[in-house]
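Trainee: Please take me through one part of this model closely. Then connect that part to the rest of the chain.

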Amino acid sequence: MKIRKNYITIAARIVRYNLKIIFAGKFFWFLVAAFAFFSFFMFQEAWDRNSEINEGTIYTLLMFPCLLLIFYPIVFGIQNDEDNRILEIIFGIPNYRYKVWGIRMLMVYVANYFIIVIFAYIARILLYPVNIFEMAWQLIFPMLFFGNLAFMFTTILRSGNGTAVVMIILGLFFMIFMNENSSIKNSMWNVFLNPLTIPRDMHPTIWQNTILQSRLFLLIAGVVFLMIGLLNLQKREKFM
């Protein structure tokens, strides 16, 4: 019993310490910015009386805050380790970096999931009665895709600012190219596919299969990006 209690105490301290590293500094301002953008988008939708508000609308409103919340802790994660002078400690223990970053990525996604649940609950009260947990669950897939993509680039570039520039360019490219291309817009390859808005010219069964394929694509791509990022951490000499 005493050993188990010690393990729980140590685990709690590790989680608390990593949370301080991940969400310290500028994350609070990213959270404020995410809520500010979300509030502005909600006000805009409520003001526009000609637009129809439904679950698909709420999903679209939550997409940008969702991606903004993972931006700082993942893009600037390695840079924060270097600034706090713990990068040498992480690389000094064999395979420790995998455990550290595995736990950190998990904590980032879990924390942001519950933040999105809160945002969805606010939208449920003010705009439209949505299933807040289903809404947050659907947003996890693009969050994993872009979050792990950012992690991969941050291990390649080893610079938070450089990774930020690359991710902004890629985000704009995906948004413009996939929304303008009619053959991709409602296909599984659209990383911004809205699963809660059924196209008028598509059968519901086909649409359900498209959503399933889209989620599998985002999940598999996210796992591949994560594996590449973890493998890049083996190149210790590039980070020291």
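Mentor: Start with Ile116, which sits in helix H6. That helix covers residues 96-126. Is Ile116 buried or exposed? Ile116 has a relative accessible area of 0%. Buried means under 20%, so Ile116 is buried. Keep in mind that this is a predicted model. Now look for a partner from elsewhere in the sequence. Pro65 is 51 residues away from Ile116 along the chain. In space, the two C-alpha atoms are 8.2 Å apart.

Next, go to helix H3, which spans residues 55-75. Glu55 belongs to this helix. How exposed is Glu55? Its relative accessible area is 29%, so Glu55 counts as partly exposed. Compare that with Ile116, which is buried at 0%. Ile132 is 77 residues from Glu55 in sequence. Their C-alpha atoms are 10.0 Å apart in space.

Stay with H3 and bring in helix H2, residues 27-47. The two helices pack with their axes 9 Å apart. The angle between H2 and H3 is about 165°. Angles over 145 degrees count as roughly antiparallel, and therefore H2 is roughly antiparallel to H3. Their crossing is right-handed.

Helix H7 runs over residues 132-157, and helix H8 over residues 160-180. Here the packing angle is about 140°. The axes of H7 and H8 lie 9 Å apart. The crossing of H7 and H8 is right-handed.

Helix H8 also holds Met175. Met175 is partly exposed, with a relative accessible area of 41%. Asn190 comes 15 residues away from Met175 in sequence. The C-alpha to C-alpha distance between Met175 and Asn190 is 8.8 Å.

Now turn to helix H10, residues 204-232. Val224 lies in H10. The relative accessible area of Val224 is 41%, so this residue is partly exposed.

Finally, step back to the whole chain. The secondary structure comes to ten helices and zero strands. In sequence order, the pattern reads α-α-α-α-α-α-α-α-α-α. The chain has 240 residues, and 44% of them are buried. Ile116 is one of the buried residues. Glu55, Met175 and Val224 are partly exposed.

Definitions and conventions: Residues numbered from 1 in each chain as written. Predicted model: local features only at pLDDT ≥ 70, side-chain atom pairs only at ≥ 80, totals over all residues. Heavy atoms only, no water. Helix = DSSP H or I, 4+ residues; strand = E, 2+ residues; numbered from the N terminus. Buried < 20%, exposed > 50% of the residue type's maximum accessible area, 1.4 Å probe, protein only. Axes fitted to C-alpha atoms, helices over the stretch in contact; angles between N-to-C directions. Left-handed = near helix turned anticlockwise from the far one by under 90°. Parallel < 35°, antiparallel > 145°, perpendicular 65-115°, else oblique.
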